[in-house]
Amino acid sequence: MNVPLFILLGIVSLAGCTTAQFAKPMAHSDPIGSPVAVYIARRKWHIDVGFAAADLEPALVPVRAEFASAKYLFFGFGDRRYLLTKSKTPPLLLRALWPGPALLLVTAIKDSPDFAFGPSQVIRLELSADQAHALQSFIRTSIPGSHPSPLAPGPYPDSAYYPASQPYSALHTCNTWAAEALRAGGQHIRSTGVIFAGQLWHQLTRLRAQLQGGLVPS
């Protein structure tokens, strides 16, 4: 099957999931309410899932401890070969289309997600305690080992790469992983076939509209 070049380039660009830049945060705190809020941030091609650091459960405390001053932690998925190789040559880029090892990029921010990523690029959903537990359990399960520790520094200050238990491929991108995480957290999100950020973002905006309108998502 011949795949259009622009689609291949789009899929390859997903290999560097979560490497888009965002505004430099300022230091002041935001009130943390109840129930537990999950923040979904769109970084161009890539979607991350985040929580207030104070809302992280004990299983993720070792990760939180690496970023003592963080107000929020965001988690994103990407291709290990692409992310840890400085020379992004065409053969390496094309290898990202095939199944291979992955990483989780953990990003700490010191201000609100709206400030860090831009209000139009953040969706906030309220979860029950059980839903938040399930979603965070999915994230923790994505990091292998009983004592998670960074594999390498991230691409900007207050970020780090962790090994990931799931493989990365053209059919299981950062956006697939984010959809799976939200689905694990009880959200009415389809993960099968989700490759691009727009596919997941469309579902999230519709879900947010339904919840704000008091409708039960179908």
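Reader: Which residues is Gln136 in contact with, leaving aside its neighbours within four places in sequence?
Author: Phe51, Asp55, Leu56, Glu57 and Leu60. Contact means heavy atoms within 4.5 Å. This is a predicted model, where local features need pLDDT of at least 70 and side-chain atom pairs count only at pLDDT 80 or more, while totals for chains, interfaces and linings use all residues. Residues are numbered from 1 along each chain as its sequence is written, and side-chain values use heavy atoms, with hydrogens and water left out.

Reader: Where is Gln136 found?
Author: In helix α6, residues 129-141. Helices are DSSP runs of H or I with at least four residues, strands are runs of E with at least two, and both are numbered from the N terminus.

Reader: Is Gln136 buried or exposed?
Author: Gln136 counts as buried because its relative accessibility is 2%. The cut-offs: buried is under 20% relative accessible area, exposed is over 50%, and partly exposed is in between, with a 1.4 Å probe and protein chains only.

Reader: Staying with α6, at what angle do α6 and α7 pack?
Author: About 140°, with the axes 7 Å apart. So α6 is oblique to α7. Axes are lines fitted to C-alpha atoms, for helices over the stretch in contact, and angles run from 0 to 180 degrees between N-to-C directions. Under 35 degrees counts as roughly parallel, over 145 as roughly antiparallel, 65 to 115 as roughly perpendicular, and the rest as oblique.

Reader: Which residues meet there?
Author: From α6, Ala134, Leu135, Phe138 and Ile139; from α7, Trp177, Glu180, Ala181, Leu182 and Ala184. By class, this contact of α6 with α7 has eight nonpolar, no polar and one charged residues. Ala, Val, Leu, Ile, Met, Phe, Trp, Tyr, Cys and Pro count as nonpolar, Asp, Glu, Lys and Arg as charged, and the others, Gly among them, as polar.

Reader: And α7 with α8, how do their axes cross?
Author: At roughly 25°, coming within 9 Å; α7 is residues 174-184 and α8 is residues 197-212. That angle is why α7 counts as roughly parallel to α8.

Reader: Which residues in α7 and α8 meet?
Author: Asn175, Ala178, Ala179 and Leu182 in α7 meet Ala197, Leu200 and Leu204 in α8. The α7 with α8 contact has six nonpolar, one polar and no charged residues.

Reader: Leu204 again. What is Ile123 in contact with, beyond four places in sequence?
Author: Leu204 is one of its contacts, and Val38, Tyr39, Ile40, Trp201, Thr205 and Arg208 are the others. Ile123 lies in strand β5, residues 122-127. Ile123 has a relative accessible area of 0%, so it is buried.

Reader: How many residues apart in sequence are Ile123 and Tyr39?
Author: 84, yet they are 5.8 Å apart in space, C-alpha to C-alpha.

Reader: New topic. What is the phi of Lys44?
Author: Near 60°, a positive value in a residue other than glycine. Most residues other than glycine have a negative phi. Lys44 is in the loop between β1 (36-43) and β2 (46-52). Lys44 counts as exposed because its relative accessibility is 66%.

Reader: And what about Asp158, what is its phi?
Author: Positive, about 60°, and Asp158 is not a glycine. Asp158 sits in the loop between β6 (152-153) and β7 (159-163). At 38% relative accessibility, Asp158 counts as partly exposed.

Reader: Last one: how many helices and strands are in the protein chain?
Author: Eight helices and seven strands. Of its 218 residues, 50% count as buried.
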